[in-house]
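Have the model open as you read.

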Amino acid sequence: MTDDLPAAPTPFRKVEPGEGEEAKRALAWTHTARFLVTASQLSELPPSELPEIAFVGRSNAGKSTAINALAQQRRLAFASKTPGRTQHINLFELGPKDSPDALFADLPGYGYAAVERAAKQRWQQVMAEYLETRRNLETIVLLVDARLGITPIDRALLDFVAPRIGNGTVRLLVLLTKTDKLSRQQTATALADAGKTLESIATEAADVSLVPFSALRGQGVGDVAAFLRAVVRPLRSGVR
Ligand code: GDP
């Protein structure tokens with residue numbers, strides 16, 4: 001599915017093209033995503049033992065579109081766009097209804113200029129607390145608009161989570177989104193630039209991946225679904 005997209009540079013773990021049966025099974029799994037709960041503060045978030053995959057990014061980075069593409073549902077992630085809910089964490093459950101096996105957490109988009117200062121500060125606090133203390137947090141999926149690259153505000157978030165990523169307790173997957181708006185060469189440059197920034201937080205123990213993504217063209221969707229499914233599978237069978 002990534003055939004006409006350049007590959008991300010080493011030293012990051014490669015997100016293998018999730019084609020064929022593997023991608024199909026993974027997409028069937030992400031398709032099971034259903035809304036569980038919305039929380040405006042951490043105390044409203046139910047504790048869980050299920051591996052949690054958190055989606056973060058600047059407003060407009062393409063986060064809702066990516067979640068909807070992964071789930072193959074048109075409006076799943078748009079609850080977070082409802083006025084009054086933009087500063088909420090929305091949880092989605094995945095897997096069989098009687099034995100869910102993972103959670104997606106859609107975190108509020110950041111960096112939106114029109115948000116008033118007090119709301120921004122409150123968001124930062126909820127977000128920071130979540131990223132620092134959520135016990136079952138397994139993977140952070142950071143969405144970055146390929147045309148903007150990793151901006152200073154994304155960088156601030158990365159620095160903030162660097163300790164948990166650096167010691168290997170939380171994985172990081174960076175999606176360079178909307179690559180359909182770039183040429184192949186521009187995408188390659190965007191990947192190289194993002195790669196350089198990520199190198200600074202990548203330690204021996206860190207599990208960091210970078211992948212080009214276009215919800216519009218369906219590029220990377222199967223790959224990312226397969227990547228996420230592979231990440232939660234060992235947890236499910238209690239290997240880790
Ligand atoms: P969010 O604020 O991060 O949830 O961003 P959205 O998912 O709402 O996307 C922001 C804008 O980017 C919308 O106008 C989307 O239609 C557009 N968008 C999202 N993904 C893609 C993509 O893969 N390709 C293109 N061309 N546009 C996209």
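## Starting at Met-127

Let's begin with Met-127, which sits in helix H3; helices here are DSSP runs of H or I with at least four residues, strands are E runs of at least two, and both are numbered from the N terminus. This is a predicted model, where local features need pLDDT of at least 70, side-chain atom pairs count only at pLDDT 80 or more, and totals for chains, interfaces and linings use all residues. Residues are numbered from 1 along each chain as its sequence is written, and side-chain values use heavy atoms, with hydrogens and water left out.

Is Met-127 buried or exposed? At 4% relative accessibility, Met-127 counts as buried (buried means under 20% relative accessible area, exposed over 50%, partly exposed in between, with a 1.4 Å probe and protein chains only). Setting aside neighbours within four places in sequence, Met-127 touches Val-56, Leu-107, Pro-108, Tyr-110 and Leu-157, with contact meaning heavy atoms within 4.5 Å. Gly-109 lies 18 residues from Met-127 in sequence, and their C-alpha atoms are 9.9 Å apart.

## H3 against H4

Now for the helix pair. The axes of H3 (residues 117-133) and H4 (residues 152-166) come within 9 Å and cross at roughly 20 degrees. Axes are lines fitted to C-alpha atoms, for helices over the stretch in contact, and angles run from 0 to 180 degrees between N-to-C directions. H3 and H4 are therefore roughly parallel (under 35 degrees; over 145 is roughly antiparallel, 65 to 115 roughly perpendicular and the rest oblique).

Which residues of H3 and H4 meet? From H3 come Met-127, Ala-128, Tyr-130, Leu-131, Glu-132 and Thr-133, and from H4 come Leu-157, Phe-160, Val-161 and Arg-164. By class, this contact has seven nonpolar, one polar and two charged residues. Nonpolar covers Ala, Val, Leu, Ile, Met, Phe, Trp, Tyr, Cys and Pro, charged covers Asp, Glu, Lys and Arg, and the others, Gly among them, are polar.

## The sheet

Seven strands form an open sheet with mixed pairing, in the order S1-S3-S4-S2-S5-S6-S7; two strands pair if DSSP finds at least two bridges between them. S1 (34-39) and S7 (208-212) are at the edges with a single partner strand each, so one side of each has no neighbour in the sheet. On average, neighbouring strands are turned by 20 degrees against each other, direction ignored.

S5 and S6 pair in the parallel sense over seven bridges, with Val-174 in S6 as the bridge partner of Leu-142. Why is S6 largely enclosed by the rest of the structure? Seven of the seven residues of S6 are buried, so the strand is largely enclosed.

## Helices on the sheet

H2 (residues 63-71) lies across S2 (52-57), S4 (102-106) and S5 (137-145), running at about 145 degrees to S2. H4 packs on the sheet too, touching S2, S5, S6 (171-177) and S7, and its direction makes about 160 degrees with that of S5.

H2 is mostly covered, with seven of its nine residues buried; among them are Ile-67 and Leu-70. Just after H2, Gln-72 takes a positive phi of about 50 degrees.

## The whole chain

Zooming out, the chain has six helices and seven strands, and buried residues make up 52% of its 240 residues.
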